[in-house]
Amino acid sequence: MAITFPLGAPTFWDGLRIASLSFRLGEAMSVSETGGGEVLAARMGTRLWSGEARIPPAEDQDQTLALIDLIRQPGAPFMVYDRRREFAQADPDGAIQGAAVCRVASVASNAREMTLTDLPSGYVLTPGDHLSISYGSTPIRYFLARVVTGGTFVGAPAQVTVEVVPGIPEAVAADDVVRLIQPICKAVYVPDSFSGVSRDLVLDSGFSFKWRQTLR
C-alpha cells in the first residue's frame with residue numbers, strides 16, 4: 001500500500017537519528033532605511049517555522065534514504081516537532097498532563113494571547129514551551145507556537161492565559177484542541193538542500209537536509 005501524506009511523525013521524523021537540528025521562527029517582514037538612518041519594517045505574510053536536520057554517519061543509511069528520497073518531490077509534506085521541546089518544561093515526560101486534553105477557551109483580540117483550559121490545576125506552562133493547534137479543513141492547518149508569557153492553570157475548570165509567537169490565526173477558536181506533547185507543524189523539504197551521502201566499504205557518511213513549514 002502506498003504511503004499517504006503528510007507523513008506522520010512516527011513514520012518519518014521519529015525514525016531519523018538526528019544528531020543536531022535547528023528549529024527557528026521566520027521573520028516575514030520587509031525592511032528599508034531612510035536617508036536619515038531610520039529603519040522601517042513592515043509585515044509581509046505569515047511567520048513560518050523552518051530548520052535543518054543533521055544525521056550522523058552509520059553503517060547503512062539505505063532505509064533512511066528511502067524516506068528522504070520520498071520527501072524530495074512536490075506534494076510530499078511531513079510532520080515535524082522540536083526534539084528539545086517534545087514536552088512542556090515543567091512536565092518533562094507528559095505524566096502530569098496524563099490523559100487530559102487541553103483546549104482553547106478563548107483568543108484575545110490582539111491575536112497574541114489566548115486562554116487555555118481543561119488541564120490539571122497547577123499545571124505550568126513556561127516561556128519557551130511549544131504548543132500546536134490543528135484548525136480548518138481541506139486542508140487541515142497546523143499552528144505551532146512558542147510560549148512567551150507562561151503561567152499556572154488555576155480555578156475550576158483550571159485555566160491559564162498565555163502569550164505566544166507567532167500571532168494566532170483568526171481561524172483558531174474556542175474548543176480547539178491544544179497539543180503540548182510533541183507539538184507539531186506540517187513541513188516540506190527545501191529543494192536542493194539535501195547534502196547527499198558518500199560511502200566507503202564499511203560506513204555511510206552523515207547527511208543533512210532543510211525543511212520549511214507549509215500551511216497547505
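**Strand β7**

I started with β7, residues 113–117, and found 4 of its 5 residues buried. Buried here means under 20% relative accessible area, with a 1.4 Å probe and protein chains only. Strands are DSSP runs (E, at least two residues), numbered from the N terminus.

The model is predicted, so local features need pLDDT of at least 70 and side-chain atom pairs pLDDT 80 or more, while totals for chains, interfaces and linings use all residues. Numbering runs from 1 along each chain as its sequence is written, and side-chain values use heavy atoms, without hydrogens and water.

Next I checked the neighbours of β7. Strand β6 (residues 102–107) runs antiparallel to β7, joined by 4 bridges. Two strands pair if DSSP finds at least two bridges between them. Val107 has Met114 in β7 as its bridge partner. The two strands form a hairpin with 5 residues between them. In that turn, Ala111 has a positive phi of about 60°. β7 also pairs with β12 (residues 159–165), antiparallel, over 5 bridges.

**Aromatic pairs**

I searched the whole structure and got 7 aromatic pairs. Rings of Phe, Tyr and Trp (its six-membered ring) pair if their centres lie within 6.5 Å; planes under 30 degrees apart are stacked, over 60 edge-to-face, the rest tilted. The rings of Phe23 and Trp49 have centres 5.7 Å apart and planes at 55°, so this pair is tilted. Phe23 sits in β1 (residues 20–25) and Trp49 in β4 (residues 49–55), so the pair ties together parts 26 residues apart in sequence. Both Phe23 and Trp49 are buried.

I then took Tyr123 and Phe153, an edge-to-face pair at 6.0 Å centre to centre and 80° between the planes. Tyr123 and Phe153 are both buried. I also noted one aromatic cluster of Trp13, Phe23, Trp49 and Trp211.

**Pockets**

How much space lies in the largest pocket? I read about 590 Å³. A pocket is an open set of points on a 1 Å grid over the protein atoms alone, where a 1.4 Å probe fits, with protein on both sides within 12 Å along at least five of seven lines; lining residues have an atom within 4 Å of a point. The volume is the space filled by probe spheres set on the points.

The largest pocket is lined by 29 residues, with Arg43, Arg47, Pro166, Gly167 and Ile168 closest to its centre. β10 gives the most to this lining, 3 residues.

The second largest pocket has a volume of about 180 Å³.

Methods. Buried means under 20% relative accessible area, exposed over 50%, partly exposed in between (1.4 Å probe, protein chains only).
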